[in-house]
Amino acid sequence: MTTTTQEKPKASPVLAGGPAPDMFRRLAGMPVVTGKRETMVVHSPLTLEPLGEIPKCTEADVVEAVRRARAAQPAWAARPIRERARVLFEFHKLLFRNEAALLDLIQVESGKARRHAFEEIMDTAGVARHYAVRAERYLKPRRRRGAIPLLTVTHELHHPVGVVGAISPWNFPLILAITDLLPALVAGNAAVLKPDRRGSFTALRAVELLREAGLPPEVLQVVTGEGARLGPPLIAGVDFIMFTGSTATGKTIAAEAAPRLIGYSLELGGKNPLIVLDDVDLDQAVEGALRGSFVGAGQVCVSIERLYVQERIFDAFAERFARATRELKLSAALDWSGDMGSITSESQLHTIELHVQDAVAKGARVLAGGRRRPDIGPLFFEPTVLVHVTPAMTCYAHETFGPVVSLYPYRTVDEVIERANDTPYGLNAAVWGSDVRRAFDVARRIRAGSVNINEGYGATWASTDSPIGGFKESGMGRRHGAEGILKYTEAQTISRQRWLPLSAPGDMPYQRWARIMSWLLNLQARIPGLR
Ligand code: NAD
């Protein structure tokens with residue numbers, strides 16, 4: 001949470017045993033500034049105590065950050081890929097060596113429960129390990145089939161695009177600030193990161209750890225401040241823009257990238273469904289739906305906001321799910337005791353509350369939760385389960401981005417697939433069922449970039465070997481896997497023609513050459529090994 005006032009943070013430590021004020025002062029010195037800058041105070045959502053101040057960077061700072069990154073990029077790209085990959089390996093080690101302090105930092109800055117903060121460390125380490133191991137294979141020059149077998153020798157090469165810009169949101173301050181940059185860096189790019197104001201300290205700490213892991217400091221620059229102010233000069237200067245955030249801002253980013261024809265990748269919003277088939281083990285489905293709906297207090301792009309349950313088991317499921325929701329423990333403590341943490345900002349809390357109030361005013365019933373919990377912390381909101389939600393209610397189709405899930409009964413599989421797909425979004429979905437083949441059949445008919453079977457979100461997200469991203473208005477491009485690194489490269493084809501030219505040789509009449517070529521190409525089509 002931030003304000004843009006000149007208010008000075010108090011010297012007191014934020015939460016007993018949490019990160020020391022010294023660390024915030026050190027991190028605040030990392031963003032690129034070309035003069036004296038105003039600052040923004042960052043507060044902890046857990047207590048609303050100030051954590052520290054970050055610079056409010058300007059357009060000139062962004063230009064300078066891009067200039068520094070561009071100057072550093074050729075030397076970085078010239079290093080052998082194994083050397084660049086070693087930095088990722090080392091970063092992986094440092095994440096775990098600094099685990100407890102990182103968990104504290106993520107908790108105090110985002111307000112999330114420690115178990116959800118740990119998911120950030122696990123996932124960031126997973127991505128670092130994946131690209132450390134696989135980058136060389138993804139990027140190595142490849143021999144390709146030439147225009148004419150034997151006569152044309154073709155190679156595919158991948159060059160770094162140059163400088164990658166990254167704009168990240170607040171909800172996963174570690175994962176979303178840094179994991180998309182790891183493949184960009186190992187591919188030989190330099191980068192400029194603009195984290196969200198509300199996750200800046202965690203992002204800066206991750207950058208500091210990468211530098212400690214051996215990344216030359218100039219290769220990854222950071223600017224902090226207002227997105228709407230820093231986005232345009234960033235997009236005007238870089239060679240590729242990686243954006244994670246709302247669909248509305250994503251469209252602005254795409255429009256700003258268009259005049260320069262730079263590539264972009266957009267990871268945007270969702271309204272994710274979970275389908276409970278009639279053959280489930282109810283206890284497992286309830287536990288999974290609970291985790292899928294309330295991870296990060298529902299402020300997670302891939303968390304579940306729509307729960308469709310087959311009508312024969314609807315009442316039993318709803319009763320158990322509501323009971324389990326009421327039993328979840330909310331906690332502001334920097335320990336492992338909490339099942340769910342705080343909402344990250346007052347504005348997000350306000351949106352969540354409005355969605356619930358609107359639904360209730362129009363006839364929805366609250367099965368669990370539905371209220372603020374100032375007794376636990378200033379921005380806490382109970383995990384909430386709604387039934388009787390109709391299209392007239394805001395939370396029916398709009399992303400709430402909070403711990404609010406609506407339960408709907410359905411009759412047939414065809415009907416539920418149609419309802420799950422009836423959204424402009426297509427980010428994540430989940431299917432719960434005992435018959436794995438049937439669940440798979442349902443999964444592949446859902447128009448979403450990731451579909452989890454017998455899990456809410458984590459199975460696909462953590463399968464870093466496979467691309468993930470959004471269908472429809474949930475995104476463009478993919479993260480993870482080959483797509484997640486090749487997008488940061490320019491593909492180049494180099495072909496050498498040998499022995500005979502690609503035209504009639506010597507004084508052979510063109511017509512005869514054309515006949516020979518037709519015969520050869522038809523032969524090629526008939527021989528499997530040459531196709
Ligand atoms: P947001 O779009 O408001 O902000 C995201 C980032 O963009 C922030 O760093 C912000 O400062 C910056 N920004 C804002 N306006 C800008 C502009 N005009 N130009 C350039 N940058 C600008 O999103 P948010 O509310 O912070 O994040 C929540 C949204 O993000 C939700 O819709 C959520 O579903 C989505 N999200 C998607 C993913 C994913 O992987 N698909 C992950 C997390 C969050």
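These legends go with a set of close-up views of a predicted model.

**View 1. How the chain splits into domains.** Three domains make up the division here: domain 1 takes in 59-268 + 482-489, domain 2 covers 272-470, and domain 3 is 505-530. Note that domain 1 comes in two stretches of sequence, 59-268 and 482-489. Going by C-alpha atoms, the centres of domain 1 and domain 3 sit 47 Å apart.

**View 2. The sheet of 6 strands.** Read across, this open sheet goes E8-E7-E6-E9-E10-E18, and its pairing is mixed. At the edges you'll find strand E8 (220-222) and strand E18 (475-476), each pairing on one side only. Zoom in on strand E6 (residues 163-167) and strand E7 (residues 190-194): these two run parallel and share 5 bridges. For a handy landmark in this pair, look for Val-164, which faces Ala-191 in E7. Helix H2 (residues 59-78) lies across E6, E7 and E8, and its angle to E7 is about 155°.

**View 3. Around the ligand.** A set of 26 residues surrounds the ligand, with Ser-168, Lys-194, Ser-246, Thr-249 and Glu-399 the closest. The Ser-246 side chain has an N or O atom 2.7 Å from a ligand oxygen, and for the side chain of Thr-249 the corresponding distance to a ligand oxygen is 2.8 Å. On its own the ligand has 840 Å² of accessible area, and the protein covers 87% of that.

**View 4. The sheet of 7 strands.** Here's another open sheet with mixed pairing, this time in the order E13-E14-E15-E12-E11-E16-E17. Strand E13 (365-368) and strand E17 (450-453) are the edge strands; each has a single partner, so one side of each lacks a neighbour in the sheet. From one strand to the next, the twist averages 25°.

View 5. Strand E14 (residues 384-387) and strand E15 (residues 404-410) pair in the parallel sense, with 4 bridges between them. Helix H12 (residues 311-327) stretches over quite a list of strands: strand E11 (272-276), strand E12 (304-310), E13, E14 and E15. Relative to E12, helix H12 runs at about 140°.

Terms used
Residues are numbered from 1 along each chain as its sequence is written. This is a predicted model: local features need pLDDT of at least 70, side-chain atom pairs count only at pLDDT 80 or more; totals for chains, interfaces and linings use all residues. Side-chain values use heavy atoms; hydrogens and water are left out. Domain bounds come from an automatic or database domain assignment. Two strands pair if DSSP finds at least two bridges between them. Contact means heavy atoms within 4.5 Å. Axes are lines fitted to C-alpha atoms, for helices over the stretch in contact, and angles run from 0 to 180 degrees between N-to-C directions. A residue is near a molecule or strand if one of its heavy atoms lies within 4 Å of it. A polar contact is a pair of N or O atoms within 3.5 Å; within protein, one must be able to donate a hydrogen and the other to accept it, and residues adjacent in sequence count only if both atoms are side-chain atoms. Accessible areas come from the Shrake-Rupley method with a 1.4 Å probe; for residues, only the protein chains shown count as cover.
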